[in-house]
Amino acid sequence: MDLELYRTMVAIRTFELRVRDLSAQGFLRGSAHVAIGQEGAAAGVCGALTPEDAVTSTHRPHGHAIAKGLPFAPLFAELLGRATGVCHGKGGSMHLADTARGFLGANGIVGGGVPIAVGAALGFQQLGQPHVAVAFFGDGATNQGAFHESLNLASVWRLPVLFVCENNRMGLSTPIEAASAEPDLVKRAVAYRIPGRHIDGTDVRAVYQAAHTGVDAARRGEGPSLLVLDVYRHEGHFTGDPMGFRSQAEEAAWRDRDPIARQRTYLLANGLATEADLEQIQATLARQVDAAVATALAAPEPDPTQLLTDIYAAGEGVR
Amino acid sequence: MAELHLTMAEAINLALAEALEQDPRLFLMGEDIGEAGGYFGVTRGLYQRFGARRVRNTPISEAGFIGAAVGAAMVGARPVVELMYADFVTVAMDQLVNQAAKMRYMFGGQVSVPLVLRAAFGAGRGNAAQHSQSLEAWFCHIPGLKVVMPSSPADARGLLASAIQDENPVIFLENKHLYQEAGPVPREREPIPLGVADVKRQGSDVTVVATGRQVQIALDAAECLAAEGIEVEVIDPRTLWPLDAEAILRSVKKTGRLVTVHEAVKRFGFGAEVAALVAESDAVAALKAPIQRVAGAESPVPFSQALENHYLPDVAQVVAACRRTLANSHK
């Protein structure tokens with residue numbers, strides 16, 4: 001598992017670095033929000049899930065999507081608005097989804113995916129299925145009303161959902177101290193009588209363990225829990241964001257806690273992999289990403305006839 | 001006797017019970033819908049019969065539970081949500097408009113969101129501005145939503161059956177005033193397809209397109225005018241979106257005169273859409289007079305009955321509007 005977690009994180013990092021480059025080169029419309037530095041959260045949490053478990057994500061979804069098993073090429077194609085994109089070019093970066101793989105969607109509304117994850121858990125309970133749901137969200141979302149309604153409802157109905165907060169301490173340009181009366185976010189769990197765990201999100205093994213605890217409890221019918229992961233967003237809010245909101249000393253300190261570097265150190269120190277193994281993983285993923293980008297860049301745009309399809313299921317209404 | 005005689009509340013209750021019985025994936029959510037049977041009594045007895053798992057009482061968390069309905073629908077359950085007052089939809093607009101309506105499209109057709117949101121709406125009971133609105137125009141304006149407004153117990157039962165079977169998010173709007181109005185209802189379950197209007201009264205002189213509670217008002221106005229030999233055709237769209245434009249245009253081509261009636265505010269309302277539909281079609285050539293729109297007043301709903309009486313459209317206004325189409329004939 002430890003090697004798998006490393007591989008997932010490198011996959012995300014490689015993908016996101018490429019997204020950043022594609023954005024700088026002018027290939028991407030709109031905004032792309034990369035998760036460079038936050039890979040431990042996605043890899044550790046999704047590593048504890050089955051393919052049938054459901055995940056809802058945020059406007060910063062690429063890491064969650066990759067960790068949930070979505071392949072590179074349809075993701076790049078979606079970011080490029082191509083017909084072969086995972087959403088056929090209809091959604092873009094903030095609306096990635098692969099429902100067959102349990103990835104119930106990224107979301108462009110902060111906190112928008114949290115009630116939906118609660119709903120997936122509710123649906124599993126109604127249908128008597130043993131699956132659990134995970135809601136990813138950031139520190140900013142914990143001040144949205146829908147967040148509070150979601151934790152409360154999930155707790156009252158003992159729904160099998162894990163609430164995962166990636167606390168990178170920034171809501172775009174606003175630091176957490178300026179936005180949250182109680183910046184120690186794990187304390188929000190107390191208000192809803194659910195277990196809360198506060199974990200270093202740059203320690204992927206700790207994330208994995210904590211996520212497993214929450215997921216297993218949910219699967220046993222013990223209801224929801226909150227997992228707060230301290231992470232750091234290496235880049236700005238979106239690709240090309242000039243930032244300037246944080247001090248250089250702060251940034252330097254966090255870069256030293258890179259989740260990939262930490263896991264690499266652990267694997268080597270414990271004889272779980274050699275340098276050569278890890279280089280091979282990186283090289284393989286780099287090749288895969290290159291191939292996926294090439295495929296995506298060569299893919300066709302959606303046909304204009306697709307503009308008005310899939311608005312409704314089974315029939316398009318009156319024209 | 002081939003028919004039942006039920007109030008609209010009872011007809012909806014029957015449709016819900018039948019659906020709960022038929023489909024184990026189906027469940028209800030809403031405030032006070034459990035033991036209390038719903039604020040307007042529409043879910044009376046269902047909790048006792050089907051239990052807490054199928055009839056779920058929610059906290060006062062419209063964004064939370066409507067969002068939960070979206071997620072549940074996406075994984076294959078069939079939620080039917082009750083919104084105590086349609087006005088409260090404002091609390092949940094993100095989940096309805098940005099999420100439920102758009103999931104299928106944004107995700108390239110991967111998923112559908114088969115949820116029904118039943119909402120009590122309408123003025124005339126002194127509930128004042130925040131508990132009396134008609135907001136159907138908002139919902140009709142959002143691609144991805146379907147909007148249904150029954151005018152009778154029979155239509156309510158049949159349309160709700162179809163709404164529940166529909167794979168899309170459907171807003172089912174129930175005028176509170178109609179809850180206790182009784183009428184004939186088929187004994188057997190007969191789904192009424194969405195998107196099909198009903199000609200409630202045939203006529204050749206004026207077309208009146210009316211919705212919800214105003215359908216009866218239009219019929220009453222038609223009775224008045226019939227005494228003078230004026231025959232009004234009353235069309236009840238039943239489904240506001242998808243709209244049966246064909247039925248409306250066919251009627252307008254026949255009569256050459258159009259009056260729309262609803263209790264929602266006139267500007268940017270459903271009547272405006274009907275008028276525009278006619279204006280941009282070849283039916284416009286058949287018009288013998290300008291189109292008339294009868295609607296609720298352009299104000300928030302007032303509390304005092306003396307004022308609220310003037311807020312709602314009434315029979316006299318519909319009669320007057322019909323007369324204007326006859327007086328203003330340029331053909």
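Is Arg257(A) buried, partly exposed or exposed? I looked this up before anything else. Arg257(A) counts as partly exposed, at 33% relative accessibility. The scale I use calls a residue buried under 20% relative accessible area, exposed over 50% and partly exposed in between, with a 1.4 Å probe and protein chains only.

**Ground rules.** I note that this is a predicted model, in which local features need pLDDT of at least 70 and side-chain atom pairs count only at pLDDT 80 or more, while totals for chains, interfaces and linings use all residues. Residues are numbered from 1 along each chain as its sequence is written, chains are lettered from A and ligands numbered from 1 in the order in which they are written, and side-chain values use heavy atoms, with hydrogens and water left out.

**Arg257(A) and its partner.** I then looked for salt bridges (a side-chain nitrogen of Lys or Arg within 4 Å of a carboxyl oxygen of Asp or Glu). Arg257(A) has one with Asp200(A), at 3.3 Å from N to O. Arg257(A) sits in the loop between helix 10 (248-255) and helix 11 (259-269) of chain A, and Asp200(A) in strand 6 (residues 196-200), so the pair links distant parts of the chain, 57 residues apart. Asp200(A) is partly exposed too, with a relative accessible area of 24%. Helices (H or I, at least four residues) and strands (E, at least two) are DSSP runs, numbered from the N terminus.

**Helix 4 of chain A.** I checked how well this helix, residues 72-79, is covered. Of its 8 residues, 6 are buried: Phe72(A), Leu75(A), Phe76(A), Ala77(A), Glu78(A) and Leu79(A). The cover over these buried residues includes helix 1 (2-24), helix 3 (62-67) and helix 12 (275-298) of chain A. Just after helix 4, Gly81(A) takes a positive phi of about 70°.

**Ser150(A).** I found Ser150(A) in helix 6 (residues 145-156) of chain A. Ser150(A) is buried, with a relative accessible area of 1%. For contacts I take heavy atoms within 4.5 Å. Not counting residues up to four places away in sequence, Ser150(A) touches Val114(A), Pro115(A), Val118(A) and Phe163(A).

**Chain B as a whole.** I counted 12 helices and 14 strands in chain B. Its C-alpha trace spans about 60 × 45 × 45 Å along the principal axes. The radius of gyration is 20 Å, which agrees with the value near 20 Å for a compact globule of 331 residues. That radius is taken over C-alpha atoms, and the globule rule is 2.2 Å times the number of residues to the power 0.38. Of the 331 residues, 62% count as buried.

Val81(B) is in strand 4 (residues 78-83) and is buried at 1% relative accessible area. Leaving aside neighbours within four places in sequence, its contacts include Met29(B), Phe65(B) and Val116(B). Gln214(B) is in helix 8 (residues 214-226) and is buried at 2%. With residues up to four places away left out, Gln214(B) touches Val261(B), His262(B), Glu263(B) and Pro313(B).

I followed Lys200(B), which is partly exposed at 25%. Lys200(B) meets Asp198(B) at 3.0 Å, N to O, and Asp236(B) at 2.9 Å, N to O. Asp236(B) lies in strand 11 (residues 232-236) and Lys200(B) in strand 9 (residues 198-201), so this pair ties together parts 36 residues apart in sequence. Asp236(B) is buried, with a relative accessible area of 0%. Salt bridges that share partners join Asp155(B), Asp198(B), Lys200(B), Asp236(B) and Arg238(B) into one network.

**Between the chains.** How many residues does each chain bring to the contact? Chain B gives 48 and chain A gives 39. The buried area (accessible area, 1.4 Å probe, that two parts lose on being put together, summed over both) is about 3600 Å², and carbon and sulfur atoms give 61% of this. In chain B, Val75(B), Tyr105(B) and Gln110(B) lose the most area to chain A, together 19% of what that side buries. I find 1 salt bridge across this interface. Asp310(A) and Arg104(B) form a salt bridge, with their closest N and O atoms 3.4 Å apart.
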